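My entries follow in the order I made them.

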Amino acid sequence: MFYKNIFIYKKEIKNILNIYKIIINKVGIKNLYYPFILDVNKGKLQKTIGLWNIGASLLNYKRGIHMSRIIFILNKLVFKPLNIKYFYSFYKIFVKNIESNDIFIQVCFFYFLKKISPITKNKSLYNYKLTFLLEKKNLLLNFFIKIIITVNSLCPCSKFISLYNAHNQRCFISFFFIIKKKNININNFIKILENQSSTSLWSMLKRKDEKYVTEFSYKNPKFIEDLIRNIYFCFKNKKFFLKIENLESIHNHDVYAVSKKFK
């Protein structure tokens, strides 16, 4: 009978039945795959699929948030090309429609760049994993970008002690940084990160390219400690968190290094 009366008078059950009166820091949706159009490369549009995580704080006098409203808003937003400036303004729409001061928006996606092989000049696409993360708490607004790239790392010690070869491995660089400007060039960050390694990677290499890449990495050995310090020096004026992991080729373990700068 109680529920029937609520329905008749069109009251919101989630607010009327709030018994506990406790603030919830974050509640929302996650693991939602939703397509969008990306625009972070000087107006060159790219279709991709994002893994979305959107949440909001819930005040103590409300029982729940409008989960369906999150999808409704997202459905309207993603049909306009998404760049950093546009993503920066997302929170205003969610604050207004979800009625919450604290908003969390995260999207992870693959970003593709056309790479040219070093000798034969063949073109192929190479994927990078990006994450945009915007978090608003009261008056504080932070925007983070995470870039994950794979490169090659050749061991200097192995080169020094061996007559014919040196072990090398695929190396994962995770670079997480705070941005203040709305017009940064993601491609420049990727290029800087790749240039610190023994060599970058390609999707397609012919024999002449493979010979060049192999010899180039042999002439450019890097410990994981060298790599992380070089990257730190390149971004010493920014606030960031950096993690590197090498999938060792001749050891029964992997190696990692972590560095951060938030001052």
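Entry 1. Which residue forms a salt bridge with K115, and how far apart are the closest N and O atoms? I worked on a predicted model. I found E194 as the partner of K115, with the closest N and O atoms 3.3 Å apart. I then looked up where the two residues sit: E194 is in helix α7 (residues 186-195) and K115 is in strand β3 (residues 103-116), so this pair ties together parts that are 79 residues apart in sequence. I noted that both E194 and K115 are buried.

Entry 2. How many salt bridges does the count come to? I got three. I keep in mind that side chains of opposite charge can pair when their charged atoms come close.

Entry 3. I looked up the salt bridge between K211 and E215, where the closest N and O atoms are 2.9 Å apart. Both residues belong to helix α8 (residues 207-218), and they are four residues apart, about one turn of the helix. I recorded K211 as exposed because its relative accessibility is 52%. I recorded E215 as partly exposed, with 38% relative accessibility.

Entry 4. I looked up E135 and K137, whose side chains meet in a salt bridge at 3.9 Å, N to O. The cut-off for such a pair is 4 Å, so I kept this one. For E135 I noted a relative accessibility of 22%, which counts as partly exposed; buried would require a value under 20%.

Entry 5. I turned to the largest nonpolar core, which has 60 residues. Which of its residues touch the most other members? My list reads W52, F87, F94, I145, I147, I173 and I186. I also noted that β3 gives the most to this core, with six residues.

Entry 6. I picked I147 and looked up its contacts, leaving aside neighbours within four places in sequence. Among them are K129, L130, I173, F175, F177, I186, F189 and L193.

Entry 7. N31 lies in strand β1 (residues 24-38) and is exposed, with a relative accessible area of 52%.

Entry 8. K121, also not a glycine, has a positive phi of about 65°. I located K121 in the loop between β3 and β4 (123-137). At 53% relative accessibility, I logged K121 as exposed.

Notes: Residues numbered from 1 in each chain as written. Predicted model: local features only at pLDDT ≥ 70, side-chain atom pairs only at ≥ 80, totals over all residues. Heavy atoms only, no water. Buried < 20%, exposed > 50% of the residue type's maximum accessible area, 1.4 Å probe, protein only. Core = buried A, V, L, I, M, F, W, Y, C linked by side-chain atoms within 4.5 Å. Contact = heavy atoms within 4.5 Å.
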